[in-house]
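Dear colleague,

Please find below the structure that I am handing over to you. My notes on what was found in it follow directly after.

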Amino acid sequence: MNGTLIETRNLVKRYGDKVAVNNISFDVLGGEVFGFLGPNGAGKTTSIKMIVGLLQPTSGSIKVAGYDVQTQSMLAKASTGYVPDTPNLYAKLTGSELLRFVGDLYSMDRGQVAHRIDELLRMFDLSAVGDDTVDSYSHGMQQKASLAAALMHDPKVLILDEPTVGLDPKSARLIKDILRQLADRGAAVMLSTHILEIAERMCDRIGIINKGQLIAVGTMDELRTLDKTGQASLEDIFLSLTGGAEEAEIAEVLK
Amino acid sequence: MNTTTQLPSDRLPDTRVLPAVWKLLFMRLRITFNGFRHAKLRRKILMIFVWLMLLGLAVFIASMSWLSLGVMRSPEFVRYVGVDVKPILALIPALTLSILFVGTLLTSFGVLLQALYLSGDMDFLLTTPVPIRAVFIAKLLQAVLPNFALISLFGLPLLFGLGISSSYNFLYYPLVVIVMIVLALAAAGFSSLLVMLVVRVVPPRRAVEILGFIGAIIGISCSQLGNVANSFGKAINISGTRLAGILLISNTPWLPLNWAGQGLVALGEGHWLTSILLLSATLGFAIITFWFALVTAEGWYYSGWAGMQVVSHKKTVRSARPVNVNTSNFSFGLARLLPKPVLAIVQKDFLTLRRDLRNLSQLISPLILGVIYTLSILRSGGQVPAGQGDAPTWFMESFRIVLAYSSVGMSLFVGWMILSRLAGMGFSQEGRNYWMLKVSPIRVGHLLMAKFLVAYLPALGLGFMFLTVISVVQKLSLLAFIYSLIAIIMCLAGMTGILLAFGVVGANFTWDDPRKINAGMLGCLGQILTILCLPISFGLFIAPLGLAQFFNFPMSYGYLIGLIAGSSIAAGFTFIPLQLVRKRTERLDEA
């Protein structure tokens, strides 16, 4: 493992009286895949948006690749790649134009941009539609284009919000492989997901957030120690930490 | 092994069509009512006011048509004009109903395109135990009702007014309403088939873009028709008698659209046989058309035929021509001067503006207006009026200079119109894609510079084009042309700065339809402010020239003072507002 590439300290985000993220602190090291889990409305996306610089924290600090996201935002952003939960991309740009645009935003060298576009379109099986506008892409293709855009500048830190939603099994597998390779090359990968099986199999460490608070962080083995049996699956741990009993009651009503 | 689960009797679906249609329409009414109930008080008051105004308008049209048609029927009027107006008045129902049919056919096309393909509720409705026919009838009624109400607002009072002034039979009035409803439904039925045929060739979203573009062109052309008619009116001279003759010929019974109108007049006048023949033919034809369209549309939709593109996906969405950054005209000169992110944003904005017809339709208006006004100047010969010759020479000379330059204001006006869209909505046009800029390492200054250039360059290009035309027409000297060009460069920059700053403050990133980009009042405030600032900065450029003439100073003094004063204030308008919104730009799109 390398040094810390994402560092959050006492992160708080308030919307008026509502506390969306409440004093969370965690680190993500280079070379690891960090899973960020939580029920709907727990504060996952808000936390991620603060880390990538889309939202200003109410208090607390965030460092990405050693740069403070508030005071050294340009350097922090230049080190980060981000894939949002909904792939809102410029619909009237072609796939290759979109990637060229991103390359230019990150001030990449022209030759490097052309080489990288070719490489990424091939990797994501988008070469045949590289000259078609994004609005003609299916949801899965847009998701892949979004990931290609995030990887364009070969970021040290990659942050993904629900990356596998809407992807076919082949594309989902490809993304998992890419994320693993990135981590193996020393990058820090942070992803939020609802699919616990993905988190269990892919992530080196997992953080669980509920009602804006980080309630558990650790490797799978460390999380298992929270359960009395020590044999629990991630699903069991997640449900016991985030209020699974309520869901069980609902299931009982539906019977 | 197949097993059939028996549904409890209280949960058996109701398969009757009309109750289901009522349920669906009631749901639509409830949505509309909820929209009104949850609207802000200001909006509620405005909506009530608009409804009252429309009601008043209907009463006004009815009474005016009653009065004016009564006058037209009077023997004094007939004696005065020397034409028998009775056959012409009998044309009114045919004309009104033809307009209703064609109007409903055209207007319901867009509504049905949205309702059938883009509203997103069709799949939901078709999976519920509601008869498919009920869904389609509800959709057709939904498409017809607003436009029908609008056309009826003008048509019904007119036809009722005609009936009252002509003392028509009482059966005329209910039949007018029935015929209007049936014709509107037939038109909507036709329209639904047209929509499905179009969607076989063009994807629905693209069809909406094309429709918006055509609508904008027609709208702006119609709004300017009055100016064109005034300019060219003298060339076309049609007398009232000739026009009446043309209208009478068009009321031929060979056109099925005329049957309804002729039948209603016959009914009103008590010609029973003719009226029964014509009205039953109209009603039968319209009902059969509606029924045929309904059944066909259902079949096409349910079988999947209406959703299947005739042309394969690859060919339908034509591959966009790849842009070579190294050779494109725009980047050729600027690439070496501008930072890469700035150039990237400028190129991206120009590409997306050009490719999205909905954006293009907003940008085409200034061009059309500019062309119309330039044509007007060309037709007037572009000469400054010579005056009566009574005024003192110094006054006439000063006035001539100011007037010559003020026509240059046309270039600024055209530039202002395009800036209102490009600068005022420069940030908002990013919409939900703004996150891409927000997560990228772009300096605020660079972002503002890029958005400034995206708005400024087309406005400047257009302003320059119009200035060149006006200069040639008005035979401006080279010095005056160069001076005007500097004034335009500076004044447009000032307006861009102000409008862009207001665009930052009122940025809206949550729109789905580009026509709804400008959601707040700030865009209007920016436009009002620029209307105030433009005369100040342009006035400071030209006033010193008139003053130099007035005080008999050398003209070079006037040019120098104008250049310093005008440029200074324009530079202030350019930089100060943008400086004021720098901090806000950093925090854009942070809820």
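The secondary structure of chain B consists of 25 helices and 0 strands. Please keep in mind that this is a predicted model. Of the 591 residues in chain B, 35% are buried. Among the contacts in chain B with a separation of 6 or more, 83% are between residues 24 or more positions apart.

Helix H24, residues 555–580 of chain B, has 26 residues. From its first C-alpha to its last, H24(B) reaches 37 Å, close to the 38 Å expected at 1.5 Å a residue. Which residues of H24(B) are buried? They are Gly558(B), Gly562(B), Gly566(B), Ser567(B), Ile569(B), Ala570(B), Phe573(B), Thr574(B), Pro577(B) and Leu578(B). The cover over these buried residues includes three helices of chain B, namely H21 (444–474), H22 (478–505) and H23 (522–550).

Chain A contains an open sheet of 4 strands, in the order E2-E1-E4-E5, with antiparallel pairing. Strand E2 (18–29) and strand E5 (67–68) of chain A are the edge strands, as each pairs on one side only. Within the sheet, strand E1 (residues 4–15) and strand E4 (residues 59–64) of chain A are joined by 5 bridges in the antiparallel sense. In this pairing, Ile6(A) stands opposite Val64(A) in E4(A). Helix H1 of chain A, residues 44–52, packs on the sheet and touches E1, E2 and E4 of chain A. The direction of H1(A) makes about 120° with that of E1(A).

I turn next to the contact between the chains. It takes 26 residues from chain B and 29 residues from chain A. On the side of chain B that touches chain A, helix H16 (340–355) and helix H20 (434–438) of chain B each supply at least two residues. H16(B) gives the most to that side, with 8 residues. By class, the side of chain B that touches chain A has 13 nonpolar, 4 polar and 9 charged residues.

Finally, there are the nonpolar cores. The largest has 137 residues, and those with the most contacts inside it are Leu98(A), Ala148(A), Val189(A), Leu419(B), Cys491(B) and Leu492(B). Leaving aside residues up to four places away in sequence, Ala148(A) touches Leu99(A), Leu120(A), Phe124(A) and Leu126(A). A second, separate core of 59 residues includes Ala94(B), Phe160(B), Val195(B) and Ala260(B).

Yours sincerely

Definitions and conventions:
Residues are numbered from 1 along each chain as its sequence is written. Chains are lettered from A and ligands numbered from 1 in the order in which they are written. This is a predicted model: local features need pLDDT of at least 70, side-chain atom pairs count only at pLDDT 80 or more; totals for chains, interfaces and linings use all residues. The expected span of a helix is 1.5 Å times one less than its number of residues. A residue is buried if 20 or more other C-beta atoms lie within 10 Å of its own, exposed if 12 or fewer, and partly exposed in between; C-beta atoms are placed from the backbone. Two residues are in contact if their C-beta atoms, placed from the backbone, lie within 7 Å. Two strands pair if DSSP finds at least two bridges between them. Axes are lines fitted to C-alpha atoms, for helices over the stretch in contact, and angles run from 0 to 180 degrees between N-to-C directions. Ala, Val, Leu, Ile, Met, Phe, Trp, Tyr, Cys and Pro count as nonpolar, Asp, Glu, Lys and Arg as charged, and the others, Gly among them, as polar. A nonpolar core is a set of buried Ala, Val, Leu, Ile, Met, Phe, Trp, Tyr and Cys residues joined through C-beta atoms within 7 Å.
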